[in-house]
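Thanks for coming. I will go through one chain this morning, starting with overall numbers and then a handful of residues. Please have the viewer open.

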Amino acid sequence: MNRLVIIILILIVGVTNLKAEDGYQLWLRNRTHTNVKVSTNLSSNTINLAINELKNGWSGDENTIVKLSLSKNAKLKDDGFSINENTIIAKTEIGLLYGVYEMLRLQYLAKPLRNVVSNPSYQLRILNHWDNLDGSIERGYAGNSIFWMGKDGLEFTPDAIARWTDYARANASIGINGTVLNNVNASAKVLSRAHLEKVRKIAETIAPYGLKTYLSVNFSSPVLIGGLKTADPLNPEVRLWWKNKVAEIYKLIPNFGGFLVKANSEGQPGPQDFGRTHVDGANMMAEALSPFNGIVMWRAFVYNPTPEDRTKQAYKEFLPLDGKFKDNVIVQVKNGPLDFQPREPFSPLFGAMRQTPIMPELQITQEYLGWSKQLVYLSPMWEECLQSDTFRDGKGSTVAACTDGTLQKAKFTAIAGVANIGADQNWTGHTFAQANWYAFGRLAWNNSLNSEVIADEWIKQTFLDKKKSTNADVVKLIKDIMMDSREAAVNYMMPLGLHHLFAEGHHYGPAPWFTNPKIRPDWTSVYYHKADSIGLGYNRSTTGSNAVEQYNEPLRSTLNNINTCPEEYLLWFHHVPWNYQLKSGNDLWTELCIRYDNGLQQVRGFQKNWDRLQQTIDNDRFTEVQSKLRTQCRDAQIWKDACLLYFQKFSKRDIPFTIERPVHDLDAIVELTKSADYH
């Protein structure tokens, strides 16, 4: 080969390698810049960060002067900000930093910097990390914890501190202002002095970016690490222990945020162990935190092994307590009444609690949606929940309005997302899972944002150079994949309101056949789908468990009537005959088959469209997504075959010849989904 040709090839390979991306920079990549001057009379660590972000990311005219200033402008709330031309105004220094990120985002997206006023929908926008002190992460699919490493989680290194800094920066860029460092299934050790010293180091690192630090706490901590004989919240010694522990924390970490508590749920200890209520437990902690302006986030995810419909239990347990919690307690409610399923109706607690502030809990980590192996953009699911009408105070009483202070005033408002972040180089395991972290932050800041707008922002910042950010064909192709991905997952997993058909334990593959007399019925699949020779679905109408009674009228009557119930929730609320005719004209069995096949075909379409982008996306990220789409296509086929072949045993109907045949035998799938190698 000609020597000149070899040199040219080496140069080309070198340039290609320089452009290779590993995903670490997230949506903050490619910050080429021109010179900018910053004018401000403020000085702090946070202001220095704002100035550095401008200098490293400015892409406007050379030597433009950008002004940063504080103001008591009545239009601005909390950490809100305004942008007009080259001036950013906010009430707080953190607000100025948020304004800088918004200014740079608007520049990148080629949008005007005029007359922008932006206020957060929720005052507290918090990530819940389910990280354990041994470094593992419950429902984590992107490597080990970035916080807890080494023996008992106490180790930290310069590399770890750098990672915490980059983590804080990414969160600040989308307005997230709080982080819970450990699992809700909490180890009491996190409150030991050694671990609190570690928490102090993390808190000091992330604080300049506006992130407050919170901890999940074990209700039995006074016994487990405090030497007491009881954790009874009405016991004076127990109350004193918590007050002393809180004082110790604030002495170490002055800007500590407070506690997240999972109590009397899934075996976790709580006040009911002593004949007390959730109010007794939450208010005890609230009293200890109140002098320091700390808060208690008390999770409403509770259910007991009773014959009653599991989806009704949180409502029945918490509604009688409405108005009895102290004003620095907020009840944290999952988006749906079950457990982060691909599709659930909204939790009825959102439209019921009138005197107690409640905060939505969304799951960013894809526990029930294919882990970090499947491309599922979750913003449409969250938007669906937030914009659902509870009819609490008539039409327009959306979940968003019930939780963001629109319908009731509270000391503070909040929203939480269960994080999908780990020590993988690209943070989330799947490039497209970064979009869910991004989307949570954007919706937490503005809960009326459209998912398509959020996807457009993320795509341009993640995949395109600024000069190419208007490449409409590329953006549309990727956005179409993202916007269809959640519905595709529902189709190939659990269409028409089916839910919780997962294999035992790992929640990845299908197991609609799963039952086990040795465990609780509500931990099995057959508990939820109720398939028999008559039909399919859980009857939650007035003739069944009557879960519909927990919703306000006119929604209650709509859901109760099989003919008016939205078809996406049909099998959630009704046991539907196999020959029942849907709006499409198909009977239930035929429509079920078509939906499962549609999901598979949609994923195959994602594969084809992604392959068209090979010359547009850097090779590392392109091949990573391409490989995972192959896995997703395999899994969609398994889901389709497993569910149709299993339910066919009850319907005793042929699979329509208009769709593809199953390619697996049911017995083979049953064995496959038991295998540790499958997921």
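Charges to begin with. The chain carries 74 positive and 71 negative side chains, and the centres of those two sets are 4 Å apart. Keep in mind that this is a predicted model, so every value I quote is computed from predicted coordinates.

Next, overall dimensions. Along the principal axes, the C-alpha atoms fill a box of roughly 85 × 75 × 50 Å. What radius of gyration would a compact globule with 679 residues have? The answer is near 26 Å, and the chain has 26 Å, so the two agree. The accessible surface of the chain is about 26,100 Å², and carbon and sulfur atoms account for 50% of that surface. As for burial, 60% of the 679 residues count as buried.

In secondary structure terms, the chain has 20 helices and 15 strands. On contact order, take the contacts in the chain with a separation of 6 or more: 71% of them are between residues 24 or more positions apart.

Now the core. The largest nonpolar core has 219 residues. Which of its members touch the most other members? They are Trp437, Trp610 and Phe647. Which helix gives the most to this core? Helix α19, residues 619–651, with 13 residues.

Phe647 sits in helix α19. Its relative accessibility is 0%, so Phe647 counts as buried. Leaving out residues up to four places away in sequence, Phe647 touches Leu498, Leu501, Pro512, His529, Ala531, Leu536, Trp578, Trp589, Leu592 and Tyr596. For a sense of distance along the chain, Phe647 and Ser533 are 114 residues apart in sequence, while their C-alpha atoms are 9.6 Å apart in space.

Val576 is my next stop. Val576 is in strand β15, residues 576–577. Is Val576 buried or exposed? Val576 counts as buried, because its relative accessibility is 0%. Beyond its neighbours within four places in sequence, Val576 is in contact with Ile534, Gly535, Leu536, Ile562, Leu570, Leu571 and Leu588.

Thr213 comes from another part of the sequence. Thr213 is placed in strand β8, residues 212–217. With a relative accessible area of 1%, Thr213 is buried. Its contacts, again not counting residues up to four places away, are Thr179, Leu181, Val199, Ala203, Ile206, Asn255, Phe256, Gly257 and Gly258. How far apart in space are Thr213 and Glu568? They are 38 Å apart, C-alpha to C-alpha, and 355 residues apart in sequence.

For a surface position, look at Gln355. Gln355 is in the loop between β11 (329–334) and β12 (358–363). At 61% relative accessibility, Gln355 counts as exposed, the cut-off being over 50%. Gln355 touches Asp322, Gly323 and Gln408, not counting residues up to four places away in sequence. Gln355 and Lys324 are 31 residues apart in sequence and 8.2 Å apart in space, C-alpha to C-alpha.

Last, some backbone details to check in the viewer. There is a cis peptide bond between Glu553 and Pro554, with omega about 5 degrees. Pro554 is in the loop between β14 (535–536) and α16 (555–560).

Then positive phi values. Asn264 has phi near 50 degrees, a positive value in a residue other than glycine. Asn264 lies in the loop between β9 (258–261) and α8 (278–289), and with a relative accessible area of 10% Asn264 is buried. Lys652 also has a positive phi, near 55 degrees. Lys652 is in the loop between α19 and α20 (666–674). Is Lys652 buried or exposed? At 68% relative accessibility, Lys652 counts as exposed.

That is my list. I will take questions now.

Note on methods: Residues numbered from 1 in each chain as written. Predicted model: local features only at pLDDT ≥ 70, side-chain atom pairs only at ≥ 80, totals over all residues. Heavy atoms only, no water. Core = buried A, V, L, I, M, F, W, Y, C linked by side-chain atoms within 4.5 Å. Buried < 20%, exposed > 50% of the residue type's maximum accessible area, 1.4 Å probe, protein only. Helix = DSSP H or I, 4+ residues; strand = E, 2+ residues; numbered from the N terminus. Rg over C-alpha atoms; globule rule 2.2 N^0.38 Å. Contact = heavy atoms within 4.5 Å. Areas by Shrake-Rupley, 256 points an atom, 1.4 Å probe, with all protein chains shown as cover. Lys, Arg positive; Asp, Glu negative; His and termini not counted. Charge placed at Lys NZ, Arg CZ, Asp CG, Glu CD.
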